[in-house]
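Please read them alongside the structure shown here.

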Amino acid sequence: TGVTATSEQAQEMHGFIRSILNEKYGSKIAENTSILYGGSCNPRNAKELFTQKDIDGGLIGGASLEADDFLSIINAF
């Protein structure tokens, strides 16, 4: 869409997903399941996204095509 979620919006949704996992499968499963951000992750927003409590990583698309951009995202994690 070209519209990127804020880190707060992404955290809100990831927290919701984790709460559903907790309800259905219990806290051990919920806490040990990696939930990846699938939106637009780039060198400018990676650190802010990856410091959110319930965001465990990201699916990196176009930014992975540029080595310097991808390295910046890796270093943000």
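1. Arg-18 is buried, with a relative accessible area of 11% (buried means under 20% relative accessible area, exposed over 50%, partly exposed in between; 1.4 Å probe, protein chains only). This is a predicted model, in which local features need pLDDT of at least 70 and side-chain atom pairs count only at pLDDT 80 or more, while totals for chains, interfaces and linings use all residues. Residues are numbered from 1 along each chain as its sequence is written, and side-chain values use heavy atoms, with hydrogens and water left out.

2. The whole structure contains two salt bridges (a side-chain nitrogen of Lys or Arg within 4 Å of a carboxyl oxygen of Asp or Glu). In one of them, Asp-54 pairs with Arg-18, with the closest N and O atoms 2.7 Å apart. Asp-54 is in the loop between helix 3 and strand 2 (57-58), and Arg-18 is in helix 1, 36 residues apart (helices are DSSP runs of H or I, at least four residues, and strands runs of E, at least two, numbered from the N terminus). Asp-54 is buried, at 7% relative accessible area.

3. Asp-56 also forms a salt bridge with Arg-18 (2.7 Å, N to O). Asp-56 lies in the loop between helix 3 and strand 2, so this pair ties together parts that are 38 residues apart in sequence. Asp-56 is partly exposed, with a relative accessible area of 27%. Through shared partners, the salt bridges join Arg-18, Asp-54 and Asp-56 into one network.

4. On helix 1, the face turned away from the buried side carries the exposed residues Glu-8, Glu-12, Glu-23 and Lys-24. Helix 1 is followed by Gly-26, whose phi is positive, near 95°.
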